[in-house]
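This report is for a reader meeting the structure for the first time.

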Amino acid sequence: MYTVFARKYRPRNFDEIIGQQHCTTTLKNAISKGRIAHAYLFAGPRGVGKTTTARILAKALNCDNGPTPDPCNECTHCKEILQGNSVDVIEIDGASNRGIDEIRNLRENARYTPSSSRYKVYIIDEVHMLTIHAFNALLKILEEPPPHIVFIFATTQPHKVPQTILSRCQRFNFRKIGFEDTLGMLKVIIEKENIKIEESALKLIAQKADGALRDAEGMLDQLVAYSDTLIKEEDVRNVLGLPRDDVFFNIQSYIVKGDTKEVLSLVQQMTVSGISPEEMLTGFLEHLRLLLLVNTNVKVDIPPKERERYTNAGSQLSSDVILRIMRFLLEARREMRYSENPDIYLLEIMARLSTFKAVPIEEIIESLEATPYSTERHPVVSEKKESYETDKIPGYETKQKDALKEMWKKVAGAVEKDSKTLASIIALGKPVAMNDDSMVVEFQKGFHRESVKDNKKLVEKHLSKIAGRNLRVVFKEGGIRTTEKESAMLKKALELFSAEVLSRGG
Ligand SMILES: Nc1ncnc2c1ncn2[C@@H]1O[C@H](COP(=O)(O)OP(=O)(O)O)[C@@H](O)[C@H]1O
Ligand SMILES: [Mg+2]
Ligand SMILES: [Zn+2]
C-alpha cells in the first residue's frame with residue numbers, strides 16, 4: 001500500500017523535527033530534568049509539526065525507558081502511540097468535539113489512572129474551537145489536575161483561546177518552516193524515493209508551500225502520481241493550478257504602461273485555462289506583496305534569482321502606489337464574493353487598474369481614502385449625481401436628504417461592530433424617503449439588497465436606536481445608474497471580449 005510522504009516521513013524523535021529547535025530543545029531538557037507540566041499549548045500555523053511533536057512528547061512520557069527525551073520507538077507503548085491506538089494517549093479534534101458534553105466525558109474519564117502507561121495524555125487539536133462552556137469545564141480540570149494527566153493543546157489561532165486557559169499552559173510557538181529547510185526535506189525525500197524532478201520544480205514547490213512542510217510533501221505526492229518521468233516546473237504549475245509568475249509580471253508592466261487591452265487579454269487567457277477570478281486576484285495580490293517587501297528591503301524567504309526579478313519589477317512602482325493598489329484589490333476581492341458574475345467583475349477591476357496612469361493617481365488615492373462608508377464602490381469613478389427629487393414616493397415625505405444620509409451612515413457605523421462586511425454593504429444603500437414608521441432605502445444591486453434584508457432585524461434595531469423611535473426599513477430596487485466613465489470602461493472591456501465573456505458568464 002502507498003503511504004503518503006507526510007506520514008512516511010513523519011519525524012519519530014524530537015531531533016528529526018525540522019525548524020522548531022526552540023521548542024524541541026526546551027521540551028527535551030524539561031523531560032531530562034523531570035519537570036513535566038500538566039498542560040502544554042502548541043501554537044502555530046498548520047503543517048509545521050505541532051501534532052507530530054505532541055505525539056513524540058506522549059512517547060517520551062510513556063516509553064518503557066521513560067520519561068526520556070529519546071523514546072525508543074520499539075516498546076509496546078511507543079509502538080501503540082505510533083499506530084495511534086494507545087488507550088492512554090487520547091487525541092481529540094476540537095473542531096468536531098466542541099461541546100460541553102465531550103469535555104464532561106473527558107473529565108469523567110480523566111479521573112481514572114492510566115491503564116498501563118505512566119501518563120494519560122490528552123491531545124486536543126484546534127482547541128480554540130471549543131465552546132465557552134467546554135472551556136469552562138476544561139478549566140475545572142486544569143485548576144486541579146490529577147497527577148497522572150498531561151494535556152497538549154494545539155491551535156492555529158491561540159488568540160481565540162481564553163486567557164484563563166492560556167495562563168495554565170506552558171506555551172510553545174511553532175514557526176513556519178523556512179524555504180531552505182523545506183527544500184532540504186524535499187531533497188531527502190526525492191533521494192530516498194528515487195524521484196526525478198527539476199531543481200526549479202522542487203524550488204517552486206518549496207516556495208508555494210509557504211512554510212507548511214505538510215503541504216510541500218503533499219504537493220510532491222501529487223506530482224509523483226502525475227508523472228513517472230522527469231517532473232518539470234511546467235508540471236508543477238499545471239498540477240497545482242498555478243498561474244505562471246510571468247503572467248503577473250506582465251500584467252504589472254501593462255498596468256504601468258496603461259495598456260488595457262493587453263491586461264484584459266492576459267486575464268482572459270488565465271480564465272480560459274481554468275483559473276478562477278478569485279485565484280487570479282489572490283495570485284496578483286501575492287505578487288504585489290512580494291514586490292512591496294522586496295521594494296522596502298524586508299527580508300523575504302525566496303530564492304535569490306526570484307528576488308532579483310522582483311527587485312527589477314519593483315523599480316516600476318513606488319511602495320506607496322503598490323500599497324494603494326493592494327488596498328484596492330483587497331476591497332475588490334471582498335466585493336467579488338457578492339458578485340453574480342465574477343468573471344466580468346474581474347475584467348472591470350483590471351480595466352480600472354490599467355487606467356491608473358491615464359487618470360491621475362491622486363484621483364484613485366482620493367477615492368480610496370474617502371470615508372469608509374463612501375457610496376462609491378470603486379476608485380477611478382467620477383461623482384455620481386444625487387437625484388432625490390426623482391425619488392418621490394406616495395405616503396412618504398422626502399426629508400432633508402443630508403439628514404437621512406447621516407442617519408443611514410450611523411446605522412452602517414453601528415453595524416460595523418457586528419459585521420464589517422455587512423456594514424460596507426449597508427453603506428452602499430441610499431436612503432430615499434422616510435415617514436413616521438419606516439425608512440425607504442434603495443439598493444442598486446439585488447445581492448446587496450438581499451444581504452441587508454437577511455439582517456433586517458439587526459438593521460432596524462440600530463436604526464430605531466439612532467432615530468429614537470421604532471422604525472422599519474423598506475427596501476427599494478434602484479435603477480441601473482452608471483456614471484459615464486463607468487459605462488465607457490465597461491463598454492471598452494466588453495467590446496474587447498464580448499462574445500467569449502458573455503457566453504461564459506451566461
Ligand atoms: N517541523 C517538521 N519537521 C518535519 N516534518 C514535518 C514538520 N512539520 C510538519 N512535518 C510533516 O508534515 C506532517 C504533518 O505535520 P503535523 O505535525 O500534523 O503538523 P501540524 O499539526 O502543525 O498541522 C508530518 O507528518 C511531517 O511529515
Ligand atoms: Mg495538527
Ligand atoms: Zn519506547
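At what angle do helix 8 and helix 10 pack, and how far apart are their axes? In this predicted model, helix 8 (residues 179-193) packs against helix 10 at an angle of about 40°, and the axes are 10 Å apart. The crossing of these two helices, helix 8 and helix 10, is right-handed. On the helix 8 side the contact residues are T182, M185, L186 and I189, and they meet L213, A216, E217 and L220 of helix 10. Sorted by class, the contact of helix 8 with helix 10 has six nonpolar residues, one polar and one charged.

Two further helix pairs can be described in the same terms. Packed helices are described by the angle between their axes and the distance between the axes. The table gives these values for each pair.

| Helix pair | Axis distance | Angle |
|---|---|---|
| Helix 8 and helix 10 | 10 Å apart | about 40° |
| Helix 5 and helix 6 | within 8 Å | roughly 15° |
| Helix 13 and helix 17 | within 9 Å | roughly 150° |

Helix 5 spans residues 100-110 and helix 6 spans residues 132-143, and their axes cross at roughly 15°. Helix 5 and helix 6 are therefore roughly parallel to each other. Their crossing, that of helix 5 and helix 6, is right-handed. Helix 5 brings I100, E102, I103, R104, R107 and A110 to the contact, while helix 6 brings H133, A134, A137, L138, K140 and I141. By class, the contact of helix 5 with helix 6 has seven nonpolar, one polar and four charged residues.

The axes of helix 13 (residues 260-272) and helix 17 (residues 342-354) cross at roughly 150°. Because of that angle, helix 13 is roughly antiparallel to helix 17. The crossing of helix 13 and helix 17 is right-handed. From helix 13 the contact takes T260, V263, L264, V267 and T271, and from helix 17 it takes D343, L346, L347, M350, A351 and S354. The contact of helix 13 with helix 17 has seven nonpolar, three polar and one charged residues by class.

The next topic is the ligand. Ligand 1 is surrounded by 21 residues, and the closest are R10, G49, T51, T52 and R214. Helix 1 (5-8), helix 3 (50-62) and helix 10 (213-226) are the elements that give two or more residues to this shell. Its classes are nine nonpolar, six polar and six charged residues. Why does ligand 1 lie between domain 1 and domain 2? Domain 1 (5-173) and domain 2 (179-240) both give residues to the shell around ligand 1, so ligand 1 lies between them.

Two backbone details remain. The peptide bond from G66 to P67 is cis, and its omega is near -10°. P67 has its place in the loop between helix 3 and helix 4 (76-83). N73 is found in the loop between helix 3 and helix 4 as well. N73 is not a glycine, although its phi is positive, at about 65°.

Key: Residues are numbered from 1 along each chain as its sequence is written. Chains are lettered from A and ligands numbered from 1 in the order in which they are written. This is a predicted model: local features need pLDDT of at least 70, side-chain atom pairs count only at pLDDT 80 or more; totals for chains, interfaces and linings use all residues. Axes are lines fitted to C-alpha atoms, for helices over the stretch in contact, and angles run from 0 to 180 degrees between N-to-C directions. Helices (H or I, at least four residues) and strands (E, at least two) are DSSP runs, numbered from the N terminus. Angles under 35 degrees count as roughly parallel, over 145 as roughly antiparallel, 65 to 115 as roughly perpendicular and the rest as oblique. A crossing is left-handed if the near helix is turned anticlockwise from the far one by less than a right angle, and right-handed if clockwise. Two residues are in contact if their C-beta atoms, placed from the backbone, lie within 7 Å. Ala, Val, Leu, Ile, Met, Phe, Trp, Tyr, Cys and Pro count as nonpolar, Asp, Glu, Lys and Arg as charged, and the others, Gly among them, as polar. A residue is near a molecule or strand if its C-beta atom, placed from the backbone, lies within 6 Å of it. Domain bounds come from an automatic or database domain assignment.
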